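Please look over the sequence and the model before reading on.

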Amino acid sequence: MGVALRSQYATLWRMDCSRRQFLQTGIALGGGLAIGSGILDATMARAAASAPASRVAVVRRKGVTGKDGGVRADVVKRMVFDAVCRATGLDSPRDAFGSLFSASDVVGIKVSCLAGKRMSTRPEVALALAEGVQLAGVKPFNVIVWERSSRELERAGYQIQRESRDLRIMGSDGDYESQPTDAGSVGGCFTRIVTRLCTRQISAPVLKDHDLSGVSLGMKNWYGAIHNPNKYHDNNCSPYVADLFGKSVLRERVRLVVCDALFAQCHGGPAYAPDFMWRFEGVIASLDPVAHDAVGARIIEDERRRRGLPALLEDRRPPRWLERAAALGLGTADRQQIKLIEG
Amino acid sequence: MGACGACGLLLPGLARGQDQARGKALVDDTGYPLVEAKHYVRLDGKRVRCELCPRRCQVADLERGYCGVRENRGGTYYTLVHSRLCSMHTDPIEKKPFFHVVPGSQAFSVATVGCNMECKFCQNWEISQYRPEQVPARNVSPRACHGFAKTEAAPFIAFTYTEPVVFYEYMLDVARLSRQTGVRSVVVSNGYIEEKPLRELLPHLTAFKVDLKAFRNPFYQDLCAGRLQPVLSALQLIKKAGVWLEIVVLVLPTKNDSEAEIRDLARFVKRNLGPEVPVHFTRFHPTYRLQNLPPTPVSTLERCYDVAKGEGLYFVYMGNVPGHPGENTYCPRCNELLISRTGFTVRSNRISGNACPKCKTEIPGVWS
Ligand code: SF4
């Protein structure tokens with residue numbers, strides 16, 4: 001990222017902050033980030049539209065989740081579209097998705113389904129993304145919702161559609177490249193869904209705590225793309241999360257992160273821990289995976305503080321890999337340079 | 001897929017986990033026995049800490065340890081590989097290599113997936129570095145394993161190919177049957193195991209081969225994701241327990257082949273384990289994540305051999321160099337040729353009883 005762009009983001013962030021302070025709305029987030037109901041004015045929106053990265057959109061809708069743990073699919077879809085529009089700075093979902101994908105693409109949507117129905121990427125979010133991608137002209141069967149195993153997908157409420165002429169939903173189920181891709185600290189064999197099948201990827205994680213990496217968000221989600229993720233959990237998963245995402249096979253293909261933050265979990269992850277779950281009723285989107293994860297981590301930290309839980313650093317599991325990712329030039333973790341857009 | 005060669009040996013219709021030695025005979029949703037792990041402690045928040053190997057993984061609910069074959073399910077830790085064999089093959093025992101264990105005998109050799117290290121030069125990475133659900137496997141109960149060994153007329157079952165420490169519960173259950181069946185158990189391991197589980201296992205074993213990856217900790221850290229000291233401790237414990245011990249050192253050009261390192265290694269063996277412990281220096285071939293080194297020059301192995309001999313080790317061997325005299329066993333006293341080998345084939349064995357036929361010096365090992 002060039003110096004000029006960096007300073008532009010910094011300027012935008014300052015402007016946004018001033019406005020936010022003026023409005024004095026929103027939920028205060030630790031360390032200076034804030035999520036509120038601020039609305040970008042026309043000038044800022046135009047400026048933002050010319051700056052595609054390091055924008056993080058947080059869209060929240062009260063009542064999108066039900067008491068039974070269900071969600072309203074129609075509202076979820078609008079939230080996803082709204083978040084992607086805000087993340088791209090474009091007005092219509094067609095333009096927003098069209099700016100990221102083209103008709104010839106095969107687009108993978110990597111969901112996170114380790115924790116079963118209650119704390120995995122909701123099918124409603126994945127299906128909304130699939131619909132959005134099709135607005136860009138991508139054929140239905142060229143959209144693939146995937147996870148490392150079909151079993152995990154099924155447990156999370158997905159129905160496997162491996163050979164479908166419509167949307168495909170499938171696990172990689174052991175179909176890996178025969179040789180490891182070696183770079184940095186990570187050497188894993190990638191699933192061929194990433195290397196052979198898809199030209200573009202979306203990371204669709206959930207907003208949750210992780211016992212070792214601190215939080216499990218957009219970049220950590222790619223642990224599901226290699227055959228040996230268990231080898232990369234030492235030292236709070238650092239530098240591994242960043243090094244893995246830094247591999248060109250991911251870095252060049254992943255265009256978007258859209259986090260299912262309808263329900264979120266601030267402790268006890270990655271498994272479902274109901275005592276630490278709360279209704280965030282949000283969708284978070286960004287083209288910058290590092291900025292996305294920095295914002296997600298901050299939201300989790302804030303909820304932990306609200307509940308009297310120790311900060312992740314005190315709990316000896318800070319997401320160190322964020323700094324490493326920023327150092328590798330994968331995005332920005334510097335909150336001064338992240339433009340938070342809420343709606 | 002890697003080392004799995006002899007699936008033709010498998011019999012149909014094996015009962016699932018029918019003779020699990022402990023725990024309830026649970027069956028995983030993948031159809032394999034689900035056996036509670038040994039040597040772990042429960043922590044708060046459904047976390048567990050595995051105390052099987054020096055990594056001591058702390059594992060959250062639904063997560064696995066570093067080896068990828070042990071999983072926390074709601075605060076109970078399970079092995080996912082009990083009876084789940086990805087490799088079964090009958091090999092000459094020289095292939096393990098054991099050179100002082102009934103030369104020319106066969107070892108029914110088994111493995112599950114998984115390893116608690118990640119050696120960048122692993123020859124069997126296609127099974128050792130994978131997770132159970134990623135590799136085809138067969139359900140072979142401990143008793144069935146002994147049955148196969150008998151059918152193959154193999155006097156030994158060898159736990160080998162990957163890292164037996166990570167399939168500890170299965171290995172222990174199989175080894176415990178050795179007294180009943182007469183098929184003895186031998187282990188081929190990196191020796192990366194905690195003291196308590198090792199002590200529990202040793203009484204059931206006949207021989208233990210340890211891959212000593214190097215004699216410098218940075219090598220262990222950088223190329224194996226492990227540590228040297230726990231391996232040295234395990235070596236001493238094995239020796240003290242009276243289980244036959246052999247050591248293999250895979251020699252990597254420029255990485256662990258300096259004269260000083262080999263000398264230190266040989267001195268350690270002599271001082272702490274005894275000069276009679278065989279040490280095999282074997283030849284590396286580029287593989288897995290270490291493709292940028294040449295195969296080990298034979299001259300390097302010869303230098304290692306000379307250094308170790310010079311330090312006073314009685315039985316030094318060279319491996320992966322078929323036909324080299326360094327594969328043979330010589331009497332440490334009179335230098336008489338005792339066992340002549342080419343690769344894994346024993347050409348002649350002149351050991352008489354357990355002694356040199358010429359000078360009558362006792363040759364240590366398991367000869368019958
Ligand atoms: S055996 Fe596996 S889970 Fe246990 S400490 Fe070792 S690597 Fe970790």
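## Ligand surroundings

## Basis of the model

This is a predicted model, in which local features need pLDDT of at least 70 and side-chain atom pairs count only at pLDDT 80 or more, while totals for chains, interfaces and linings use all residues. Residues are numbered from 1 along each chain as its sequence is written, chains are lettered from A and ligands numbered from 1 in the order in which they are written, and side-chain values use heavy atoms, with hydrogens and water left out.

## A salt bridge between the chains

B:Arg55 is buried at 18% relative accessibility, whereas A:Asp234 is partly exposed at 34% (buried means under 20% relative accessible area, exposed over 50%, partly exposed in between, with a 1.4 Å probe and protein chains only).

## Salt bridges within each chain

Over all chains, the whole structure contains 46 salt bridges. In chain A, the side chains of A:Arg196 and A:Glu177 pair at 2.7 Å, N to O. A:Arg196 belongs to helix α7 (residues 192-197) and A:Glu177 to the loop between β6 (168-171) and β7 (181-183), so the contact ties together parts that are 19 residues apart in sequence. A:Arg196 counts as exposed at 56% relative accessibility, but A:Glu177 is buried, with a relative accessible area of 13%.

In chain B, B:Glu133 and B:Arg64 form a salt bridge of 3.0 Å, N to O. B:Glu133 lies in the loop between α1 (125-128) and β11 (138-139) and B:Arg64 in the loop between β5 and β6 (70-73), so the pair ties together parts that are 69 residues apart in sequence. B:Glu133 counts as partly exposed at 36% relative accessibility, while B:Arg64 is buried at 16%. Shared partners join B:Arg64, B:Glu71, B:Arg73, B:Arg131 and B:Glu133 into one network of salt bridges.

## Aromatic contacts

A search over all chains finds 13 aromatic pairs, a pair being rings of Phe, Tyr and Trp (its six-membered ring) whose centres lie within 6.5 Å, with planes under 30 degrees apart counted as stacked, over 60 as edge-to-face and the rest as tilted. B:Phe99 and B:Tyr317 form an edge-to-face pair, 4.8 Å centre to centre and with 75° between the planes. B:Phe99 lies in the loop between β9 (87-92) and β10 (106-111) of chain B and B:Tyr317 in strand β17 (residues 316-319) of chain B, so the pair ties together parts that are 218 residues apart in sequence. Both B:Phe99 and B:Tyr317 are buried. Elsewhere in chain B, one aromatic cluster is formed by B:Trp125, B:Tyr130 and B:Tyr288.

In chain A, A:Arg165 lies over the face of A:Phe141, at 4.3 Å from the ring centre, and the charged end of A:Lys220 sits over the ring of A:Tyr223, 4.3 Å from its centre; a charge sits over a ring if NZ of Lys or CZ of Arg is within 6 Å of the ring centre and within 35 degrees of the ring normal.

## Helix and backbone features

Helix α3 (residues 73-88) of chain A has 16 residues and should span 22 Å, which agrees with the 23 Å between its end C-alpha atoms; the expected span is 1.5 Å times one less than the number of residues. Its buried residues include A:Val76, A:Met79, A:Val80 and A:Phe81, and α3(A) is followed by A:Gly89, whose phi is positive, near 75°.

In chain B, B:Val307 is found in helix α9 (residues 298-310) and is buried, with a relative accessible area of 7%. The C-alpha atoms of B:Val307 and B:Arg263 are separated by 6.2 Å, although these residues are 44 residues apart along the chain.

Technical notes: Helices (H or I, at least four residues) and strands (E, at least two) are DSSP runs, numbered from the N terminus. A salt bridge is a side-chain nitrogen of Lys or Arg within 4 Å of a carboxyl oxygen of Asp or Glu.
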